[in-house]
Amino acid sequence: MKTIRHYCSRSLTSVLTILFAAGMILGGCGSSSMLPQKDIKIAVLTYDEHDTFIDSMTKYMTKWCRQKEKETGKRITLSVVGAKKSQLTQNDQVQKFISESYDVLCVNLVDRTDAMVIIDKAMESDTPVIFFNREPVEEDLARWDKIFYVGGLARQSAELQAKIIIDALSDPKKFASIDANGNGTIQYVILEGEAGHQDTLVRTSVCPKELMNAGFSLEKLGDEYANWDRDQGRTRMRELIDRYPFQIEMVIANNDDMALGAIDAIEERNYPLDPFVVGINGTEEALEAIRTMKLDGTVYNDYAGQAEMIMEMAYSLGVDEDFPPDVDLTFDKYVFRPYSIITYDNVQKYLRQ
Ligand code: GAL
C-alpha cells in the first residue's frame with residue numbers, strides 16, 4: 001500500500017511538473033494571461049486605391065497599429081487592399097481574407113447598396129465587419145449584431161459647408177465681391193462626387209437648401225459628376241467655364257479634390273471672375289490652398305478620428321474584449337465623427353507639420 005501511495009504521489013508530482021513546464025514553455029510564466037498570444041489579423045478593404053481621403057485614413061490605421069503593438073506587445077497584421085472600384089473584386093478579397101482566418105474585416109464598400117455577399121460570407125465564417133465611409137443601407141446593417149458602421153454625418157458636412165458660404169454672403173463687402181454682376185443673385189455650379197454615394201446625395205441637396213433657407217437668392221447654372229477626383233473636377237469645370245464664360249460666381253464642390261480641380265481650371269482658363277470655391281475634407285492640399293487664399297473654405301472630415309475608431313473597434317473584436325468607452329455607438333451599430341469648419345481664420349490649427 002505504502003509503495004503504491006508513494007508511486008501515486010510521485011507520479012502526480014511528475015504530472016504537475018510536466019504541466020508546469022509546458023505552461024512555462026507556452027506562456028513563459030504560470031498565469032493564465034501568459035497563455036500563448038495569437039496575432040490579431042485585421043483586413044482593410046477600400047473601394048479604390050486612388051482616393052486621397054481614404055488613403056489618409058489607411059495611412060493613419062497603419063500608424064495606429066504600430067503604436068498599439070508597442071503598447072501591448074501583441075502583433076497586429078494589418079492588410080490593406082484596394083478593389084479598383086469593382087464590387088466583384090472586393091467580394092473575392094473578402095473571401096480570401098476569411099480563408100486566411102482574419103479576425104476582423106474593415107470594409108469600404110465599392111457599391112454601398114450591394115453589401116449582401118460580404119455580409120453572407122462574414123456571417124457564415126463568424127467574422128465581424130466594420131463598414132466605413134460608404135454607408136450600407138439600413139436593412140443590411142440590421143442583419144447581424146457583429147456588423148458596424150463608422151463614418152461622418154453627411155448632413156452635418158453639408159450644413160457646415162453652407163455655413164461657410166452664409167458667413168461670407170452675410171458680410172456686405174464680401175457679398176458684393178462674390179456677386180460679380182451685382183444682380184443680387186449668386187450664380188453657382190456644383191461638382192458632385194459619385195452618383196448614389198450618401199455624401200453626394202446629401203451634400204448636393206442640403207447645402208443649396210440651407211442657403212435658400214437663410215434668405216439668399218441663388219441660381220444654379222449647372223452640376224456635373226466628377227467622382228471625387230481632381231482631374232475630373234478640372235475637366236468638368238473647364239466645360240462649365242466654356243458654357244458660362246462670364247457667369248460662375250460660386251463653386252460648391254462635394255469634396256476638396258474636385259474644388260481644387262475647379263481652381264486648376266479657373267487658373268488655366270484665366271477666368272475673368274473670381275468665384276467663391278468651397279470643398280469638404282480638409283486634405284493637406286486643401287489646407288495649403290486655404291492658407292494661400294485660393295480655396296475659400298472646407299469642412300474637416302475627421303479622417304484620423306474615424307480611422308482611430310475603426311482600429312479601436314477592430315482590435316477589441318480581435319482580442320474579444322468590449323469596445324473602449326470612447327467608441328460611442330448609436331443603436332449599437334453606428335459611430336459618427338463630427339465635422340468642423342476650416343477657413344483662412346482657423347486654418348493654422350489644422351495645418352499638419
Ligand atoms: C467622402 C469624401 C470623398 C471621398 C468619398 C469616398 O466622405 O468626402 O472625398 O473620399 O468619401 O467614399
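**Close-up views of a predicted model**

**View 1. The largest pocket holds about 670 Å³ of space.** Closest to the centre of this pocket are Lys174, Phe276, Met293, Leu295 and Asp296, out of 22 lining residues. Helix H6 (154-169), helix H7 (172-178), helix H10 (256-268) and strand S9 (276-278) each give two or more residues to the lining. By class, the lining has 13 nonpolar, two polar and seven charged residues. A pocket here is an open set of points on a 1 Å grid over the protein atoms alone, where a 1.4 Å probe fits, with protein on both sides within 12 Å along at least five of seven lines; lining residues have an atom within 4 Å of a point. The volume is the space filled by probe spheres set on the points, which are joined across faces, edges and corners. Ala, Val, Leu, Ile, Met, Phe, Trp, Tyr, Cys and Pro count as nonpolar, Asp, Glu, Lys and Arg as charged, and the others, Gly among them, as polar.

The model is predicted: local features need pLDDT of at least 70 and side-chain atom pairs pLDDT 80 or more, while totals for chains, interfaces and linings use all residues. Residues are numbered from 1 along each chain as its sequence is written, and side-chain values use heavy atoms, with hydrogens and water left out.

**View 2. Aspartate 48 is buried and has no salt bridge.** This residue lies in the loop between strand S1 (40-46) and helix H2 (52-72); helices (H or I, at least four residues) and strands (E, at least two) are DSSP runs, numbered from the N terminus. Lysine 85 has the nearest side chain of opposite charge, 4.1 Å away. A salt bridge needs a side-chain nitrogen of Lys or Arg within 4 Å of a carboxyl oxygen of Asp or Glu. Lys and Arg count as positive and Asp and Glu as negative; His and the chain ends are not counted. Leaving aside neighbours within four places in sequence, aspartate 48 is in contact (heavy atoms within 4.5 Å) with Ala83, Lys84 and Lys85.

**View 3. Lysine 84 has a positive phi, near 50 degrees.** Its place is the loop between strand S2 (76-82) and helix H3 (87-99). Lysine 84 is exposed, with a relative accessible area of 64%. Buried means under 20% relative accessible area, exposed over 50%, and partly exposed in between (1.4 Å probe, protein chains only). Most residues other than glycine have a negative phi.

**View 4. Asparagine 270 has a phi near 50 degrees, a positive value.** The loop between H10 and S9 holds asparagine 270. This residue is exposed, with a relative accessible area of 65%.
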